[in-house]
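Welcome! Keep the structure open beside you and try each task before reading on.

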Amino acid sequence: MSPAQAALDVLRNVFGHQQFRGEQAEIVQHLIEGHDCVVLMPTGAGKSLCYQVPALVRPGSGVVISPLIALMHDQVQALRSLGVRAACLNSSMSWDAIQEVEDAWLRGYIDLLYIAPERLLTSRCLSLLKRVPISLFAIDEAHCVSQWGHDFRPEYLGLSELARLWPDVPRIALTATATSRTREEIEERLQLKQAQTFIASFDRPNIRYEIVEKTQVRQQLMRFISENHPNESGIVYCLSRKRCETIAEFLNKQGIPALPYHAGMNPHERAENQYRFLHEEGIVMVATIAFGMGVNKPDVRFVAHIDMPRSVENYYQETGRAGRDGLPATAWMAYGLADVLQQSKMIETSQGNEQFKRRSREQLSAMLALCETATCRRVQLLSYFGQISMPCGNCDVCLDPPKLWDATIPAQKVLSTVYWLYKKYQQRFGAKYIIEILLGQHTERIDSFGHDKLSTFGIGKEYSEEVWHSVIRQLLASGFLAVDIEGYSTLALTRRSVVLLKGEEVFRLKQSSLILSGRSKNVMPTRKKSFQELHPEAYQRYQLLRQWRDQKGKEQGLDPQFIFNDTTLRYIALENPENMQTLAHIDGVNLYKLNMYGKEVLKSMRASNSGRTSMSLPTT
């Protein structure tokens, strides 16, 4: 049997998929032939299959380096539910459990071993691995090796030792997000410069991107969830731990079940909240960026940010946790000028060197540009990762295109105020103070400084405070204004400012950013329902199947998603199989699951089709 046919047999019989997707087949073939590779593939695109299939085809056992204990346990449980002999070694295990796994490894009873990098590099573990033939090394979440990345882990740097100790064993490094700079660092630090790089499309077409101006963010968030995703699972990201607690409490009071998650919580409580989020429906997790990596929940219907992320990389990876089942999902964010100033202040007051700060400023500018773009957000997002695309028709800008207006004169008024404050008084102030001058407000501070004598005092009364905030925010996004490095959230001119002040460039703003009436115009059309394509009979079958699966999960002590995920149940409900042969050809049904659950699934189908919908669940 050819390697290609062997891989296809494993894909169908073990994993229940009829065909490889995208570049999976080429990557699998590359590894089976013994070559190294670097794989960049978005969340939900099937990265795991790229190493799991060749690990089962090649002689020996596969070793997967994974950074999170929770991620290891989930993947091992998922593989075992498929009949694959998988195990893990990590610090949460008892000594007896560790010895049991080590003994099984030495006896050749393990197909895939998941292990943390810090344990892998111990002399005990390296000695253990040398005693068993290894089919391949898979380095998951490979961006953790990048010192510029947001998930840098020093222990990943030691993984270059694998090339020296096992020069003939193929290695695959995988990540869901990486710019060209991060990719280069992965290749260099893991000694994969000669490896072939496979870059899949970063597009997640099922995710709708929405970014709104922050006004009353709690009310905005509550309306977004209750109007678009009632009773559905989602993640809300906040910058601070305290904010996680207060937002979760607020949502609960509004009737939206929410749980907090951050590094300052009691570990037991944090783990319990994560377990509930993964295993219960309709839970909203309110979290810092401490939550996310390795969270394998396919039916997350939305990811919301109520504070602007530090970079496009962060934003992409965090929003990518929505809609992993391929069904419609939303990435929603509310942001304002305060977010920009806060992030800038954090950069300038950080302990990083000037190179780090310069890189952080570039990342913040790119994130701000994404927020303020008047063109397709998906085009802007994908271009950051070097991918050219066409307008998507599934973001707020495409669905409700903003009109542009000539804001050159308002912009000049802002820049002139910043200029004269420094020119006459050698003083710099923040956005709020600049706006007070433009609106002609006689505050105690303005009058005491004599700033009411400035030529720009009161020349901006034709616009509201919200509009001026929008003007300043977009001046920052366009590089006509900067946050003063020496000051605290104060504004300074840039080299580009002169061009605009002289009228040599036109400054155009999104009209949708104007809040002339006191209400934001960022109103999105109602999103399409997740199961709009399921006709009533199919939807009834789907609900019956879910109830059967959830009950079966409780009986077997398994996460129900590891029996059949929602996407597979949806396919079954649509196909309405009448026999085992038809069921076997549905994507997500492998031989192991067909033998384990096939008869019960068909019994559910017959019960639904005969009209017995009282949910009397079939049992063996």
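**Exercise 1. Find what the buried residues of α13 pack against.**

Solution. Step one: the buried residues of α13 pack against the strands β8 (207-213), β9 (234-237), β12 (302-305) and β13 (329-335), and against the helices α15 (354-372) and α16 (377-384). Helices (H or I, at least four residues) and strands (E, at least two) are DSSP runs, numbered from the N terminus. Contact means heavy atoms within 4.5 Å.

Step two: a word on the source. This is a predicted model, in which local features need pLDDT of at least 70 and side-chain atom pairs count only at pLDDT 80 or more, while totals for chains, interfaces and linings use all residues. Residues are numbered from 1 along each chain as its sequence is written, and side-chain values use heavy atoms, with hydrogens and water left out.

Step three: eight of the eight residues of α13 (residues 312-319) are buried, so this helix is largely enclosed by the rest of the structure. Among them are V312, Y315 and Y316, and also E313 and E318. Buried means under 20% relative accessible area, exposed over 50%, and partly exposed in between (1.4 Å probe, protein chains only).

**Exercise 2. Describe the two faces of β12 and the strands that pair with β12.**

Solution. Start with the faces: F302 and A304 lie on one side, V303 and H305 on the other, and all are buried. In general, side chains in a regular strand alternate between the two faces of the sheet.

Now the partners. β9 and β12 run parallel and are joined by four bridges, with V236 opposite A304. β12 also pairs with β13 in the parallel sense, over four bridges, and here A304 stands opposite W332. Two strands pair if DSSP finds at least two bridges between them.

**Exercise 3. In what order do the strands of the seven-stranded open sheet come, and which stand at the edges?**

Solution. First, the order is β3-β4-β2-β5-β6-β1-β7, with parallel pairing. Next, β3 (86-89) and β7 (196-199) stand at the edges with a single partner strand each, so one side of each has no neighbour in the sheet. On average, neighbouring strands are turned by 20° against each other, direction ignored. Axes are lines fitted to C-alpha atoms, for helices over the stretch in contact, and angles run from 0 to 180 degrees between N-to-C directions.

Finally, look inside the sheet: three bridges join β5 (residues 134-139) to β6 (residues 171-175), and I139 has A173 as its bridge partner in β6.

**Exercise 4. Work out how α18 and α21 cross, and which kinds of residue meet there.**

Solution. The axes of α18 (residues 408-425) and α21 (residues 465-478) come within 10 Å and cross at roughly 80°. Ala, Val, Leu, Ile, Met, Phe, Trp, Tyr, Cys and Pro count as nonpolar, Asp, Glu, Lys and Arg as charged, and the others, Gly among them, as polar. On the α18 side, P410, A411, K413, V414 and L415 take part, meeting W468, V471, I472 and L475 in α21.

**Exercise 5. Is R12 buried or exposed, or in between?**

Solution. R12 belongs to helix α1 (residues 3-13). With a relative accessible area of 28%, R12 is partly exposed. Leaving aside neighbours within four places in sequence, R12 is in contact with H17, Q18, Q19 and N590.
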